[in-house]
Amino acid sequence: MGSSLPVKPASASGQSTSNSTNTPQNRSWWATSWSLALLVALGVTGATVTWHKPGTHSLDYAVCSTNRTIYTVDLDLPNVQCIVVHDSLISDTGDLEDVTLRWRDRWWSEIPLAGVIHLPWPFNFLEPSLSVINIPPDSIIVPGLTDAHAHVLQYGFKMNLNLEDCTSVDEVLSHLKAYVISHPDILGDPTRWIEGMGWDQNKWPGAQYPHADDFDREPLLRGRRISLARIDVHASWVSNRVLQLMTPLPESIDGGLVIRDKHGKPTGIFVDNAMDLIPSQPFSEARAMEYFTRATGDALAVGLTSVHDAFSVPDEIQFYKKLSETQKLPLRLYLMGGVNSDDYWGNEIPRLIQHGLGGRLTVRSVKLFTDGALGSFGAALLEPYSDNPSTSGIMRVQPEALAKLVREFSIDGWQVNIHCIGDRANHVVLDIYEDILANASFSVDALRPRIEHAQILTLDDIKRAGKLGVIPSVQPTHATSDMWYAEDRLGPYRIQGAYAYRTLLNTSPTRVLPLGSDFPVEGINPLLGFYAAVSRLSVKGDSPHGPGGWYPSERLTRAEALKGMTLDTAYASFSEDILGSLSIGKKADFVVLDRDIMTVPMEDILGTKVIATVIDGEVEYGNL
């Protein structure tokens, strides 16, 4: 299809974003040319008119589906044939004939004339016409997709040295060796850090944590500074050289754990708050830009138009702020500020609402933590782990300190989003939210408190979360990644309140359940989450319960999953008035997909390709 709307130049990766033969500049020239011709025509017919230049309607366009497969996520008009884009907004929706007539009426209404003039034949061809783009018959349009919980710069970091596919310690060592050989600067300088992410001992034979000594088995790695984050970023594995740099280590860490052998010697594994002991490289704008470019390019390619970044430290926020003031960000960012401190730190980050060029940067929320992750036995449980009775997990912060922080941030007008995996963590946070919301000076709609993950709750606490109106922000791919060991960790009773998306949605008074991925912990493609939510299956089509899905009663419908990635995420970020649905007056953020994910067989969903990703009416990826 040829394009007739504003486009972006080719990306740094070489991906052409659109056919630019019909640019805004060309259309602007045409608007001027035909308006001069109109004056001539009126002169020929003897008409007298005072000409006022029309607005920018010459840049308007409609995108249409002959099959009416434009899914608006608007209850009043769930499916339409066309959407009309004016500037950065959706100006109309409906059937092509109707939107065309209304568009012409609006165009003429902006030209005050001495009476109503319609050009006679043969000059009526000079009247403006609405540019119409028809998508292929099998394609669909959905609102721009949002990831409600992700880590943008961390994604770029992981892609630099990704260990996710390693199925043993030996594979990790092979990856590291190849990485060092392919980076001469590191190969020739053993003091350079080697940092990566993605290992998961649950995928390895024996499912045991690795050891610092493992690195020394490979001569090329011996003596090097190596720090590798686990897939969930709640544990790190470091080399003996790094352990030497960290000497002496404290015997214990509040909210964290240093794994030791039977002789009390550190093994090189640090869990949750203990990870703060590991030396790290200082923040670098150049490195941040490299990671940001990779992450946003990949995000746009899979249809993401907005991302809620779930822990942006002050240096990162300043990086985004500075960047947004010099160029339009490639997509919308809703940042959750983050500082690891029990003392109030709201004055350390700026409050920004639709900031920068294009207004694509917002900072109005904070991210706090309670516990760790299930895979590293860090999720805080009310009772011991079923497969490891020696522990009930880790509370990374004391409830009293957390309650004080939540109250201070709420008083100061920040949205509070709290990481909670285990049922103890969720219980503690619901106690805190319940206490705050009992105060008449706090409104749940004004605060919109969120629980990030809401992964394991008691059945009573699921009901309490709904009663309070707390927003559970969940990641469906966590369910399908963890389903192979989650019930072993939790047992048959606790699993009933785990990854319970249908139950959480049903108890929500607003029917809001924002969906995310937690990328780079999971894949960046939002359709992975869509598929997991509606199927409860792995990408291979299986589950511990067979092809019918893991606890299939907790599946979402396709309409609910789409809403969870669009309108629900907008509500969770105070932007439902401008984002989340293809409704008149909202931002023209939408995605064209090559197949109908709402109707195709379940197994065909993951084969879906993005034809175009559009933000503010401009093609940011692909072609229209």
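Predicted model: local features only at pLDDT ≥ 70, side-chain atom pairs only at ≥ 80, totals over all residues.
User: Start with the whole chain. How many helices and strands are there in the chain?

Analyst: The chain holds 18 helices and 23 strands. It has 624 residues, and buried residues make up 56% of them. The accessible surface is about 25,400 Å². Carbon and sulfur atoms account for 54% of that surface.

User: What share of contacts between residues at least 6 apart in sequence join residues at least 24 apart?

Analyst: The share is 72%.

User: Now helix packing. At what angle do α7 and α8 pack?

Analyst: Look at the angle first, then the distance between axes. The angle between α7 and α8 is about 75 degrees, and their axes are 11 Å apart. Angles of 65 to 115 degrees count as roughly perpendicular. The helices α7 and α8 are therefore roughly perpendicular to each other.

User: Which residues meet where α7 packs on α8?

Analyst: From α7 come Glu285, Ala288, Met289 and Phe292. They meet Phe319, Tyr320, Lys322 and Leu323 in α8. By class, this contact has six nonpolar residues, no polar ones and two charged.

User: Why do residues three or four places apart in a helix point the same way?

Analyst: An α-helix has 3.6 residues a turn, so residues at that spacing point the same way. Keep that in mind for the next pair.

User: How do α9 and α10 pack?

Analyst: Helix α9 spans residues 399-411. It packs with α10 at an angle of about 40 degrees, and the axes are 10 Å apart. That angle makes α9 oblique to α10. The crossing is right-handed.

User: Which residues of α9 and α10 meet?

Analyst: In α9 they are Pro399, Leu402, Ala403, Val406, Arg407 and Ser410. Their partners in α10 are Val428, Val429, Ile432, Tyr433, Asp435 and Ile436. The contact of α9 with α10 divides into nine nonpolar residues, one polar and two charged.

User: Helix α10 also packs with α12. What are the angle and the distance between axes there?

Analyst: Helix α10 covers residues 423-437 and α12 covers residues 459-468. They pack at about 30 degrees, with axes 10 Å apart. That makes α10 roughly parallel to α12. The cut-off for this label is under 35 degrees. The crossing of α10 and α12 is left-handed.

User: Which residues form the contact of α10 with α12?

Analyst: Asp423, His427, Leu430, Asp431, Glu434 and Leu437 belong to α10. On the α12 side are Asp461, Arg464, Ala465 and Leu468.

User: Next, burial. Which residues of α3 are buried?

Analyst: Buried means under 20% relative accessible area. In α3, residues 152-160, the buried residues are Val152, Leu153, Tyr155, Gly156, Phe157 and Lys158.

User: What covers the buried residues of α3?

Analyst: The cover includes strands β8, β9, β14 and β15. It also includes helices α7 and α8.

User: Now loops. Is Ser65 buried or exposed?

Analyst: Ser65 lies in the loop between β1 and β2. Its relative accessible area is 2%, so Ser65 is buried. Beyond residues up to four places away in sequence, Ser65 touches Ile70, Gln81 and Ile135.

User: And where is Thr191 found?

Analyst: Thr191 is in the loop between α5 and β9. Its relative accessibility is 42%, so Thr191 counts as partly exposed. Thr191 and Arg224 are 33 residues apart along the chain, but their C-alpha atoms are separated by 6.5 Å.

User: Backbone geometry next. Which peptide bonds are cis?

Analyst: Check omega. The bond from Thr247 to Pro248 is cis, with omega near 0 degrees. Pro248 sits in the loop between α6 and β12. A cis bond also joins Phe519 and Pro520, with omega about 15 degrees. Pro520 is in the loop between α15 and α16.

User: Which residues other than glycine have a positive phi?

Analyst: Val233 has phi near 60 degrees. Val233 is in the loop between β10 and β11. At 22% relative accessible area, Val233 is partly exposed. Arg448 has phi near 45 degrees. Arg448 lies in the loop between α11 and β19. With 6% relative accessibility, Arg448 counts as buried.

How values were computed. Residues numbered from 1 in each chain as written. Heavy atoms only, no water. Axes fitted to C-alpha atoms, helices over the stretch in contact; angles between N-to-C directions. Helix = DSSP H or I, 4+ residues; strand = E, 2+ residues; numbered from the N terminus. Parallel < 35°, antiparallel > 145°, perpendicular 65-115°, else oblique. Left-handed = near helix turned anticlockwise from the far one by under 90°. Contact = heavy atoms within 4.5 Å. Buried < 20%, exposed > 50% of the residue type's maximum accessible area, 1.4 Å probe, protein only. Areas by Shrake-Rupley, 256 points an atom, 1.4 Å probe, with all protein chains shown as cover. Nonpolar A, V, L, I, M, F, W, Y, C, P; charged D, E, K, R; others polar.
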